[in-house]
Number of protein chains: 2
Amino acid sequence: MARMKVTVAYDGTDFAGYQIQPIGRTVQGSVQAVLKKIHKGEFVPTSASGRTDAGVHAIGQVIHFDTDMDIPASGWQRGLNAMLPKDIQVRDVEEVDETFHSRFSSVSKEYHYKLLTGNQPDIFRRNHAFYFPYRLNRDDIKIGCEQFLGTHDFTSFSSVKTHVTDKVRTIYELSLIEDGDDLTFKIKGSGFLYNMVRIIVGTLLDVGQGRKRPEDIKTIIERKDRAFASKTAPAHGLYLHQVNYE
Amino acid sequence: MARMKVTVAYDGTDFAGYQIQPIGRTVQGSVQAVLKKIHKGEFVPTSASGRTDAGVHAIGQVIHFDTDMDIPASGWQRGLNAMLPKDIQVRDVEEVDETFHSRFSSVSKEYHYKLLTGNQPDIFRRNHAFYFPYRLNRDDIKIGCEQFLGTHDFTSFSSVKTHVTDKVRTIYELSLIEDGDDLTFKIKGSGFLYNMVRIIVGTLLDVGQGRKRPEDIKTIIERKDRAFASKTAPAHGLYLHQVNYE
């Protein structure tokens, strides 16, 4: 028995999300269907570092599965890529210790959120970046970013649908990367609550438009109430960029 | 009666090509369906600078149509963009003289062909650039590019399906733009035969791989026989970038 750690990228556009569900095309469902074929009809469960919603992309989602098949890591990568649909890509496969768990062994995660500004949207990236035509004060956004750093209870920045009770998370890095009309929020943390990155981005966009002041963020965190933060930014700008392990 | 010149971008992925046809989704069909709605059910024909094949994209395709509606250019742009599908974008509308013709008034055209090299394909651009993992000698490609410049009979570089009899065209510019793993062929000419850009690119890729020498290109042109040039590069790397008028 070998445990394989698989790093996958996917274009979330045509998926109903990462996690398998009775109806709708999912990343997990597609991967498990291929694993079942390779294992001659035997069901092979997979675990991931976490779910992503419909429309959310991944560059470095990490999953793992156990197998009896005697296939080296490079063979898994080649075989899976040959059989998976075009919007899922295996970027790396590694055999790991049986104590490794894609979710429980992770120590931090990095998400990117891509915004496209400028006069006209880029139709070739309509599903891969959030087009935001309104004027943004980038300096205010950067001051806003700093307010999120550190360990806080992020109740205000998580969907009310969250079932988790411990909402304390640590944000190690939150920066705005500028490349002309392309803006990318890079956010690295110990873990993220449901919709947390998208609500943080939505709130920073309000800060950039002057609808909220950068220093309001501290207050919003303290309120521990979702109603005080801004709208959730749309799914199609979000990328699970990297999952880190010890 | 006013003649409107419309510059459109489209993502060719989900189109059976530019030109309207009995079966399949087309750009022209989509535009004319919207124009018909705006004109209360009246059919409004459109002309374009030329066709593009299934999968080929446009940044600056130019079309024109005549209308009795009293709508300013900016109103046409807004209205069309509101009604067109998400993979077509009107980038500019201008009222022009009745002597203007999108095809016959054009003096030159520019196409771009996007290649993506590197170890792994970028799944987010799988429909928007041709992934080419093989080693390329970029210097040889650049010498090859120069051989195409000027006025030649491009029979060797056009599909045998071409119906045009005069196959003499002038290429003003053909360059390879390098941006890390991203390579773009920029080609500007008086006009292009059917599949001409894609056959030129296919041949330059053979040159880059050492399967042909840069100086072979002169000979291939002289042969006036499609069989001597290389394979047609795939459609999804090609962009009609700009159409120029006097």
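Mentor: Let's start with K224(A), which is partly exposed, with a relative accessible area of 47%. Keep in mind that this is a predicted model.

Trainee: Where is K224(A) found?
Mentor: In the loop between α5 (216-223) and β10 (238-245) of chain A. K224(A) is not a glycine, yet its phi is positive, about 50°.

Trainee: And N195(B), what's its phi near?
Mentor: Near 70°, again a positive value in a residue other than glycine. N195(B) has its place in the loop between β9 and α4 (196-208) of chain B.

Trainee: Is N195(B) buried or exposed?
Mentor: Buried, with a relative accessible area of 16%. The cut-off for buried is under 20%.

Trainee: Why do you say the copies meet through the same surface?
Mentor: Because 100% of the interface residues of chain A are also interface residues in chain B.

Trainee: Rings next. How many aromatic pairs over all chains?
Mentor: The structure holds 20. One of them is F124(A) with Y239(B), edge-to-face. Their centres are 5.2 Å apart, with 65° between the planes.

Trainee: Why does that pair join two chains?
Mentor: Because F124(A) lies in the loop between β5 (106-116) and β6 (130-131) of chain A, while Y239(B) is in strand β10 (residues 238-245) of chain B. Both F124(A) and Y239(B) are buried.

Trainee: What about F154(B) and F157(B), how do their rings sit?
Mentor: Their centres are 6.4 Å apart and their planes at 70°, so that pair is edge-to-face. Planes over 60 degrees apart count that way. F154(B) is buried at a relative accessible area of 0%. F157(B) also counts as buried, at 0% relative accessibility.

Trainee: Which residues form one aromatic cluster in chain A?
Mentor: Y10(A), F15(A) and Y18(A) form one.

Trainee: Back to tyrosine 239. What sits over the ring of Y239(A)?
Mentor: The charged end of K114(A), 4.8 Å from the ring centre. In chain B, K114(B) lies over the face of Y239(B), at 4.8 Å from the ring centre.

Trainee: Where is the place of K188(B)?
Mentor: In strand β9 (residues 182-189) of chain B. K188(B) is partly exposed, with a relative accessible area of 27%.

Trainee: What is K188(B) in contact with?
Mentor: Skipping neighbours within four places in sequence, the contacts include S108(B), K109(B), E110(B) and N244(B). T170(B), I171(B), Y172(B) and E173(B) are in contact with K188(B) as well. As for L149(B), its C-alpha is 9.6 Å from that of K188(B), and the two are 39 residues apart in sequence.

Trainee: Now helix α2 of chain A. Which residues are buried?
Mentor: W76(A), Q77(A) and L80(A), in a helix that runs over residues 73-83. They cover an arc of only 100° around the axis, which puts them on the same side of α2(A). On the other side, R78(A) and A82(A) are exposed.

Trainee: What covers the buried residues of α2(A)?
Mentor: The cover includes β1 (2-10), α1 (27-38), β3 (57-67) and β4 (88-96) of chain A.

Trainee: Last topic, cysteines. How many disulfides over all chains?
Mentor: The count comes to 0.

Trainee: Is C145(A) buried or exposed?
Mentor: C145(A) is buried, with a relative accessible area of 2%. C145(B) counts as buried too, at 2% relative accessibility.

Terms used
Residues are numbered from 1 along each chain as its sequence is written. Chains are lettered from A and ligands numbered from 1 in the order in which they are written. This is a predicted model: local features need pLDDT of at least 70, side-chain atom pairs count only at pLDDT 80 or more; totals for chains, interfaces and linings use all residues. Side-chain values use heavy atoms; hydrogens and water are left out. Contact means heavy atoms within 4.5 Å. Buried means under 20% relative accessible area, exposed over 50%, partly exposed in between (1.4 Å probe, protein chains only). Helices (H or I, at least four residues) and strands (E, at least two) are DSSP runs, numbered from the N terminus. The arc is that of the directions from the helix axis to the C-beta atoms. A disulfide is a pair of cysteine sulfur atoms within 2.5 Å. Rings of Phe, Tyr and Trp (its six-membered ring) pair if their centres lie within 6.5 Å; planes under 30 degrees apart count as stacked, over 60 as edge-to-face and the rest as tilted. A charge sits over a ring if NZ of Lys or CZ of Arg is within 6 Å of the ring centre and within 35 degrees of the ring normal.
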